[in-house]
Amino acid sequence: MGRQARKGRPVIAGPSAGLNPVMIGGLVVIVALVAAIGFMVVRASGGGSTAAGPLVAPNGATASGALPIGRESAPVTVEIYLDYMCPYCGRFEKANSAEIDKLVADGTARVELHPLNFLDRFSQGTRYSTRAANAVATVADKAPGQVLALNRVLFDNQPEENSTGLTDTRIAELALQAGVPQAVVDVLDDGIHSTWVTQSNDAAFASGVTGTPTIKINGQKYEGDLYTAGPLTAAVTSAAGEQ
Amino acid sequence: MTTLARIRRLRHSDAWIFGTMLFSACLSLLASFVLSIDAVVLAADPGTALSCDINTVISCGTVAQSWQAQLFGFPNAFLGLVAEPVVITVAVACLGGVRFPRWFMCAAQAVYTLGVLFAYWLFYEAMFHIGALCPWCLLITVSTTLVFATLTHVNLRDGNLPLPSRWRAPLKSAIAADLDAVVVTIWLLVLVLLVVSRYGTQLFA
C-alpha cells in the first residue's frame with residue numbers, strides 16, 4: 001500500500017489543474033488539427049471525380065480494348081496488359097522492349113497493348129495512368145507507327161508511385177521525342193479516349209486479368225520470367241513454330 | 001466528484017497507464033507478426049509480389065522490397081517480435097503490482113526511445129523516399145508512440161529518470177496537469193494529417 005501513497009493523488013485532483021493557458025493553447029491546436037484533417041479528407045474524396053467524356057475508340061482498336069501493333073498475318077499474338085504507373089511494368093519493359101520490337105519488325109508477332117488505368121489512385125489525384133494511356137491511344141489512332149516508341153519513352157521516364165506523375169507538358173515532350181507528329185502531340189491532353197481507357201480497363205479485369213504486367217501469348221497467359229530478356233522471346237518463337 | 005475529475009483520476013491510475021501500454025504493445029506485436037510472415041513469404045518466392053494487383057490498396061509491395069525494410073540484414077519486423085513481448089511482460093507485471101527498480105525502468109526508457117526513433121525513421125522513409133504507405137507499418141508507428149508515452153508518463157511521475165533536479169518538479173506537474181495527454185493527442189493528429197495530406201486521394205477517392 002506504500003506505493004499508493006507515493007503517487008501523490010492530491011496534486012492530480014487539485015482544483016486548479018485543468019484549464020491553464022498552456023492547456024487552452026493545446027486544445028486550440030487540437031481543434032485546428034481536427035479541422036485541417038477534415039478539410040483534407042473532404043478535398044481528397046471530392047477531388048478525383050471528373051465528368052466522363054463520350055466513348056471514342058481509337059482507330060483499329062480491338063473489341064477487347066487493345067491497341068494492335070504489327071502485321072495482322074503474324075503467327076503469334078502477344079497481349080500486354082500494363083499500367084504506366086506500375087513499377088513492375090517498367091521492369092518488364094526494360095527487360096523485353098528491344099526483343100518485342102524485333103519480334104514485331106520481323107513479322108513473328110503482333111502486339112496488342114492493353115493500357116489500363118487502375119493505378120490512377122497512385123498519382124495524387126492527377127490520374128496519371130489515364131492520361132498516359134489516353135496519350136498512347138491517341139497516338140495509336142492518329143500515328144500508329146509511333147505507339148511502341150511512345151510506350152518505351154513513357155516507361156523510360158516512369159514516375160514513382162504516389163508521385164503526381166508526369167505532367168501533360170512532359171508527356172507531350174516525350175511524344176515529340178518518340179517521333180509523334182506535332183499535330184498529334186497537340187491533342188494528347190484532350191482526353192479523347194479517356195472513357196475508352198476506363199472501359200478497356202474494366203473489360204480486362206472482367207475477363208480474368210488480375211494485375212499488371214500480364215502477358216498472353218495467343219490467348220494463353222505466359223507464366224515464365226517477365227523480368228529478364230530471353231524467356232519471353234523463346235516462348236513467342238516456339239509458339240510461332242507450332243503454327 | 002465530477003465526470004472530468006473521474007476521467008482524470010482514471011487516466012493517472014496504474015491500471016489505465018499499464019493497460020494502455022499492454023494493449024499498444026499487443027498491437028505492435030500483431031503488426032510485427034503480420035509483417036514478418038509477409039517478409040518470409042516474400043523471401044521464399046520473390047515472384048509473388050512482382051506485379052501490381054487489382055486489389056493493391058496502397059502500393060505495389062514496394063515497402064517490403066526497399067532496403068530500408070531490412071536495415072540490419074533481416075526484416076525490421078523481427079525486432080518487433082523480439083522487443084514487444086518484453087514490453088508486454090513489463091506491462092503485465094506492473095498491472096499485477098510489481099515495482100521495478102529505478103535502473104530497470106531507466107533502461108526500458110532508453111531502449112524504447114531507440115525503438116521509437118527507429119519507428120519514426122521508417123515512417124519518414126516510407127513517406128518521403130519509398131513513397132508507399134503500409135497500413136501495418138503505420139499501426140506500429142502509432143502503437144510504438146503510445147507505449148513510449150505511457151512509459152514516459154510513469155517514469156516522470158515516479159521520478160525514475162536521471163534528470164537535473166530543477167526539471168523534475170515542472171515535468172511532474174505538467175504530467176499532473178494532463179499536458180502529456182495533450183502533447184500525445186497533438187502528436188497523433190499531426191501523424192494523421194501527414195498521412196491524409198500525402199495519401200488522401202488514394203485512400204478516399
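Because the model is predicted, local features need pLDDT of at least 70 and side-chain atom pairs count only at pLDDT 80 or more, while totals for chains, interfaces and linings use all residues. Residues are numbered from 1 along each chain as its sequence is written, and chains are lettered from A and ligands numbered from 1 in the order in which they are written.

**The two chains**

Let's start with the overall picture. Helices (H or I, at least four residues) and strands (E, at least two) are DSSP runs, numbered from the N terminus. A residue is buried if 20 or more other C-beta atoms lie within 10 Å of its own, exposed if 12 or fewer, and partly exposed in between, with C-beta atoms placed from the backbone. Two residues are in contact if those C-beta atoms lie within 7 Å.

| Chain | Helices and strands | Buried residues | Contacts joining residues at least 24 apart, among those at least 6 apart in sequence |
|---|---|---|---|
| Chain A | ten helices, six strands | 40% of 243 residues | 77% |
| Chain B | seven helices, one strand | 33% of 205 residues | 79% |

**The sheet in chain A**

Chain A holds an open sheet of five strands with mixed pairing, in the order S1-S3-S2-S5-S6. Its edges are S1 and strand S6 (220-221), each of which pairs on one side only. Here, two strands pair if DSSP finds at least two bridges between them.

Now zoom in on strand S3 (residues 109-115) of chain A. Six of its seven residues are buried, so S3(A) is largely enclosed by the rest of the structure. Strand S1 (residues 67-69) of chain A pairs with S3(A) in the antiparallel sense over three bridges, and there Pro68(A) sits opposite Glu112(A). Strand S2 (residues 76-82) of chain A runs parallel to S3(A), joined by seven bridges, with Tyr81(A) opposite His114(A).

Chain B reads α-α-β-α-α-α-α-α from the N terminus on. Two helix pairs are worth a look. Axes are lines fitted to C-alpha atoms, for helices over the stretch in contact, and angles run from 0 to 180 degrees between N-to-C directions. Angles under 35 degrees count as roughly parallel, over 145 as roughly antiparallel, 65 to 115 as roughly perpendicular and the rest as oblique.

Helix H2 (residues 14-44) and helix H3 (residues 77-95) of chain B pack at about 160°, with axes 8 Å apart. H2(B) and H3(B) are therefore roughly antiparallel to each other.

Helix H5 (residues 135-157) and helix H6 (residues 165-176) of chain B meet at about 125°, their axes 9 Å apart, which means H5(B) is oblique to H6(B). His153(B), Leu156(B) and Arg157(B) of H5(B) make the contact with Leu171(B), Lys172(B) and Ile175(B) of H6(B).
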